[in-house]
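Please keep the sequence and the 3D view open while reading.

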Amino acid sequence: MSGEKPSTRAAEDEKSGSFMPNRREFLKLAGVAGGAGLLAGSAAADPEGSQLTERDLPAEGDRPTIRVVGTGGTIASSQEAAEDGGYSLANQAEAIVAAVPELEYFVNVDFVQVAQKGSSSLLVEDYVAVAKEAMRAEADGVDGVIVTHGTDAIEEDAFFNDLVLDLDIPVAFVGAMRPSDATSADGPANLLTAVRMLTRTEFHLDDEPCGVYVVLNDTIHAARDVTKTWTTKVETFESGPAGPIGYFTDNELVLYREPGSYSANLSHCDLDAVPDMTVPIVTHGAGAESYTLEQAVAGDYHVDGAVVLATGFGGGVSPAITEATEAALEAGIPVARSTRVHWAPLNPGYDDDRTGDIVVMEDLPAWKARLHVMVALTMTGSYPGLSSDLEVVRKTMEDNKYGIAVPAPSTLG
Ligand code: ASP
């Protein structure tokens with residue numbers, strides 16, 4: 001982090017890796033600072049006349065700076081502003097953070113708004129805009145970035161940013177399952193968790209990208225692994241067998257895995273070219289057709305690549321998709337395969353006669369695999385030795401941290 005840590009809390013810094021108070025202490029401070037600001041998300045803290053002491057608060061110049069990049073989503077919504085049920089995007093980034101007024105005594109916060117949409121309406125152009133803001137934040141000397149985001153596609157935007165960013169500061173994507181004016185709105189608590197995370201030394205890595213995370217419900221997930229599993233519940237985000245990076249209790253940060261990026265480092269991509277890549281997802285179903293690929297092979301429709309959402313470990317698909325895949329590969333269209341099975345990797349060695357050239361996307365779900373392929377397709381210039389787009393996509397997957405095969409430990413295989 002840039003700047004010295006606050007001297008008044010130096011001893012605690014040594015112990016905790018952060019000068020932010022733990023959650024219980026924070027709630028206490030919030031209480032004495034002006035009432036129930038944190039809990040009700042409304043009352044402004046009042047340091048004048050409160051019992052906050054010099055020792056509790058870092059001097060203004062010592063506070064790390066967090067940049068909040070607003071994109072919309074339920075975290076920015078309220079029910080009250082909606083005309084006919086549902087939520088309405090009522091709050092810009094600044095208003096979202098205002099729900100946790102006490103934060104201003106621990107961190108400096110600045111704001112930028114790149115979009116104000118439900119996350120399923122965000123375009124790849126919007127993801128690029130977020131990445132550029134994160135890069136700008138690093139260049140400006142900011143210590144960490146929070147991206148406020150709708151939860152429906154938060155895992156896509158976070159994964160995209162994890163692929164294309166190589167930053168010395170961590171980035172936390174934060175959403176909410178309940179609008180800002182709901183009883184027990186979760187947005188303020190999630191923001192506080194993200195600030196606690198971003199101000200920890202454990203997430204400021206010296207010799208590798210600091211990584212992109214999704215932070216909700218007290219839990220820190222790696223962008224690569226996280227997925228939404230439940231349409232409505234607050235405890236919806238999971239990271240499958242890889243598990244979360246860690247979580248916060250009131251007092252502690254509990255780490256299960258090393259902080260950092262678990263995605264391929266594709267930061268040499270041509271960021272501005274990514275939105276121009278056309279990469280459809282062709283989904284298996286019983287007897288499913290594959291008009292998209294057939295039309296692409298016939299030259300009626302341009303695609304730069306395709307992702308087949310297949311079944312099981314072997315990646316089997318309907319006969320029509322198998323045929324269309326074979327034709328697409330023969331026509332020089334790179335095709336990648338992911339599985340519809342939650343959490344499971346595809347068989348890395350699977351090879352049938354006809355579609356053996358397909359790039360196996362390990363355990364990436366199709367929507368993340370598609371983003372990986374789109375980014376990789378802008379990198380052909382980075383691999384002069386490779387002769388085709390297909391080989392470039394394959395290489396970027398092989399370079400991925402998770403692509404390491406462990407030899408079978410016994411003769412039983
Ligand atoms: N519709 C919302 C979105 O923008 C859902 C949410 O944020 O929880 O993804």
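Contact here means heavy atoms within 4.5 Å. Angles run from 0 to 180 degrees between N-to-C directions, with axes as lines fitted to C-alpha atoms, for helices over the stretch in contact. Helices (H or I, at least four residues) and strands (E, at least two) are DSSP runs, numbered from the N terminus.

The model is predicted: local features need pLDDT of at least 70 and side-chain atom pairs count only at pLDDT 80 or more, while totals for chains, interfaces and linings use all residues. Residues are numbered from 1 along each chain as its sequence is written, and side-chain values use heavy atoms, with hydrogens and water left out.

**The sheets**

Two strands pair if DSSP finds at least two bridges between them. E4 pairs in the parallel sense with strand E1 (residues 65-72) over 7 bridges, and Val69 has Val112 in E4 as its bridge partner.

An open sheet of 4 strands, with parallel pairing, has the order E13-E14-E15-E16. Its edges are strand E13 (281-283) and strand E16 (359-360), each with a single partner strand, so one side of each is left without a neighbour in the sheet. Strands E14 (residues 306-310) and E15 (residues 335-339) run parallel and are joined by 5 bridges; Val307 stands opposite Ala336 in E15. Helix H9 (residues 319-330) packs on this sheet, touching E13, E14 and E15, and its direction makes about 145° with that of E15.

**The ligand**

Which residues are around the ligand? They are Gly73, Thr74, Gly118, Ser119, Gly150, Thr151, Asp152 and Ala176, each with a heavy atom within 4 Å of it. This shell divides into 1 nonpolar, 6 polar and 1 charged residue. Here Ala, Val, Leu, Ile, Met, Phe, Trp, Tyr, Cys and Pro count as nonpolar, Asp, Glu, Lys and Arg as charged, and the others, Gly among them, as polar. The table gives polar contacts, pairs of N or O atoms within 3.5 Å.

| Residue | Protein atom | Distance to a ligand oxygen atom |
|---|---|---|
| Ser119 | polar side-chain atom | 2.6 Å |
| Asp152 | backbone N or O atom | 3.0 Å |
| Ala176 | backbone N or O atom | 3.2 Å |

Taken alone, the ligand exposes 260 Å², and the protein buries 81% of that (Shrake-Rupley method, 1.4 Å probe).

**Two loop residues**

Most residues other than glycine have a negative phi. Ser184, in the loop between E6 and helix H7 (187-198), has a positive phi of about 60°. Asp218, in the loop between strand E7 (212-216) and strand E8 (219-222), has a positive phi of about 70°.

Note on methods: Polar contact = N/O pair within 3.5 Å; in protein donor to acceptor, adjacent residues only side chain to side chain.
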